[in-house]
Protein chains: 2
Amino acid sequence: MVERRKPIWIKEAIEKVMEYKLRGEDELVSIHECDERYLSEPLIADHDVPPFNRSPYDGFALRARDTENASRETPLLFEVIDEIGAGQVSLKQVGHQQAVRIMTGAQIPDGADCVIMLELVREISEAGNKYIEVKRRLQDGDNISFQGEDTQKGSPLIDKGERVNPGIKALLATFGYSQVKVAKKPTVGIIATGSELLRPEDELEPGKIRDSNGYMIESQVLRTGAVYKKYENCADDLESLYEAMKTALQECDILITTGGVSVGDFDYLPEIYKRMGAKLLFNKIAMRPGSVTSCAEINGRLLFGLSGNPSACYVGFELFVKPYLRYWMQSDRPYTRYITGELKMDFPKPNPFSRFVRGKISYEDGKVYAEPVGLDKSGVVTSIAWADSLIVLPGGTRGYRAGDEVDLILLEDQQGSGVPWQERKFSKS
Amino acid sequence: MVERRKPIWIKEAIEKVMEYKLRGEDELVSIHECDERYLSEPLIADHDVPPFNRSPYDGFALRARDTENASRETPLLFEVIDEIGAGQVSLKQVGHQQAVRIMTGAQIPDGADCVIMLELVREISEAGNKYIEVKRRLQDGDNISFQGEDTQKGSPLIDKGERVNPGIKALLATFGYSQVKVAKKPTVGIIATGSELLRPEDELEPGKIRDSNGYMIESQVLRTGAVYKKYENCADDLESLYEAMKTALQECDILITTGGVSVGDFDYLPEIYKRMGAKLLFNKIAMRPGSVTSCAEINGRLLFGLSGNPSACYVGFELFVKPYLRYWMQSDRPYTRYITGELKMDFPKPNPFSRFVRGKISYEDGKVYAEPVGLDKSGVVTSIAWADSLIVLPGGTRGYRAGDEVDLILLEDQQGSGVPWQERKFSKS
């Protein structure tokens, strides 16, 4: 029987998924292991930066008032009473016409209130004593980085939900986070369904193809920052698929199946959802590819039924699964980020529904362009490998032309967006 | 003594590094472990795609010539002689006015030469036999995806040196790469130097700060796809630094030190390079920050001396270390990718040398904009966390204004560039 399904809008589908959004648990990891993890608490400065008044240059620390009469014509002599490297602290008190040799980053010694750069003085040694000649007048505070001028103790510097990059890792180290509280990675179960599916290690057989979607989803899951548990491919058999899904649901935080969501006779997902007592959120979306993407909920857990078509499967993950996972890991910008750009070539075929075309972005003279990659034929997976974006062509009665402004969903972006992509009110043509 | 150093241009420094570029070894990993690895051999199609003539839709396979007289007024009856799901092959031969029910992706049965979509026929059951009513004329080849029409067996699909993304992983699975030959990850030794350095787990002490550069470099190394070996921080002591570097050089493929490259009295790197017999490639570059970045070579191995200033250290890695590592891992686009965009705010301070300002890119109406993040003060690490780009302000006598076109080096980009960034011939102002 051909089942009738009512398509819903993309925005609506995303909203239905996000109605069930959850924040996951957190865990402590060593700072060495925190890369690309999502912070589960804000990063707070545990001390002032700089932590003490320090010198931004190599030079000599002295008292500004002693330089009042210094000039090119009347250089003044200062006795160098100590020499301190980075990490050292002088125990001397800088007095009248005295100076302490100081390295970049070192703490300003007591008594001193300014620093003169190394390049601006002449150094003189006389009878075992060292002196410098100062030829200019200095002001109190010259060449001093003051305690707390960059950041004050207790300041929140990075919000929870940010993903650790090299700059954030540097901050964690600076502020003593030898252990970092991060979002625990959700486990995504993956089951590829279809009696036609072989594994990569299998020889081809008549009528069969190797599963690629399951592996592609593995990679999409990892790129999001989650982990996966991949199950054996499942033949188109109601009982075994039901059992596999039941097991996976117990072992994973969410479950993705791929294949088996078309309208053919051999699609058991609707039946399985029913048998499980799962609530169907949607099973058809007004988009191409990916119109037969489905989602169901049971006990607060989501089951995503992605299409068996590779492009549709890919798009379904990016639009619907990724934001759910990112939110789980504390992100407040869980949605795929999108920008606008100019279409570089005609795309004459009209489509009643919004179309997501695998695209490649280029930049020329400060402008954003995008062009479709590959032939965009159903089943051609090569183009997914080259795509860095999805070109969104809103549904309508006409095709698109080079020069048209289009939305571009960024696939490699890690910044995310606080708002999901949605259909424009007026489609261009 | 203040050592005199001759600055060289950025482009020249990159060239000097890349004179010593090497391709690393490769290794076999499971397809489950290949994400974000660099392919060390081209990905070749081991079979045609599609591997057989197949149906892109659910429908009925039949012979086009039998539909010659079919029309809305005179529908023709076809006997359904078999029913095949995906992965199955029909053993029947489709004859005159016969049809085989076929699922999306299934192989076209012998005898049939076209497919009619499920939605376009009426199904009739009569005395245990099934029939369909066909109301239109079909052409030979209608709704058939032909063997090899997407990709032919033996075609190279992805070059070596590409980094595995979800689309490439899907291709690897499709074409039977259960084991994938990838570039072995080079090991990058990291030694943070400076007597002022504490570890993240240490309490602050007067005059001291926690090492952040070493951790930042860890993260930059991982983002590039390499692995790191981090050594204990090293005090400003010639002997211990020499020994630490000698050990690290034996255990790692390249070595990065941070700190100790300024012109202060306590900088031992030049002395250590000499003692090791390393050839100095450069120790000063016409850029800010990072002017005291150094690089030396010994027995074909590179030693990078990055600045102790966090921003300078960061920039030094991105510009000089990253391309070396990417090339090592087989990439032919090892350089950091750059685009142009419009400066969003004034940057009035002129600089004789090219300046790399930590920036954030925004897109509006198809145009690229960038603005500096944070105060860009030396020592402020917060801005590195927020930067997604380096805004390049070429050296000159004037500052920059909002609206000026500038180069933007993309920090999170994984695509890379075949050519390194270089100073523009004419700087704007």
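Predicted model: local features only at pLDDT ≥ 70, side-chain atom pairs only at ≥ 80, totals over all residues.
View 1. Domain 1 of chain A covers 10–25 + 184–328, and domain 4 covers 338–410; the bounds come from an automatic or database domain assignment. Chain A also has domain 2 (29–49 + 151–183) and domain 3 (59–134).

**View 2. The contact between domain 1 and domain 4 of chain A.** Here 13 residues of domain 1 of chain A touch 13 residues of domain 4 of chain A, with contact meaning heavy atoms within 4.5 Å. About 1200 Å² is buried between domain 1 and domain 4 of chain A, 69% of it from carbon and sulfur atoms; buried area is the accessible area (1.4 Å probe) that two parts lose on being put together, summed over both. On the domain 1 side, Arg288(A), Ser311(A) and Tyr314(A) lose the most area to domain 4 of chain A, together 39% of what that side buries.

**View 3. Polar pairs between domain 1 and domain 4 of chain A.** Zero salt bridges turn up between domain 1 and domain 4 of chain A (a side-chain nitrogen of Lys or Arg within 4 Å of a carboxyl oxygen of Asp or Glu). Three residue pairs, both at pLDDT 80 or more, are in polar contact across this interface: N or O atoms within 3.5 Å, one able to donate a hydrogen and the other to accept it, with residues adjacent in sequence counted only if both atoms are side-chain atoms.

**Notes.** Local features need pLDDT of at least 70, side-chain atom pairs count only at pLDDT 80 or more, and totals for chains, interfaces and linings use all residues. Residues are numbered from 1 along each chain as its sequence is written, chains are lettered from A and ligands numbered from 1 in the order in which they are written, and side-chain values use heavy atoms, leaving out hydrogens and water.
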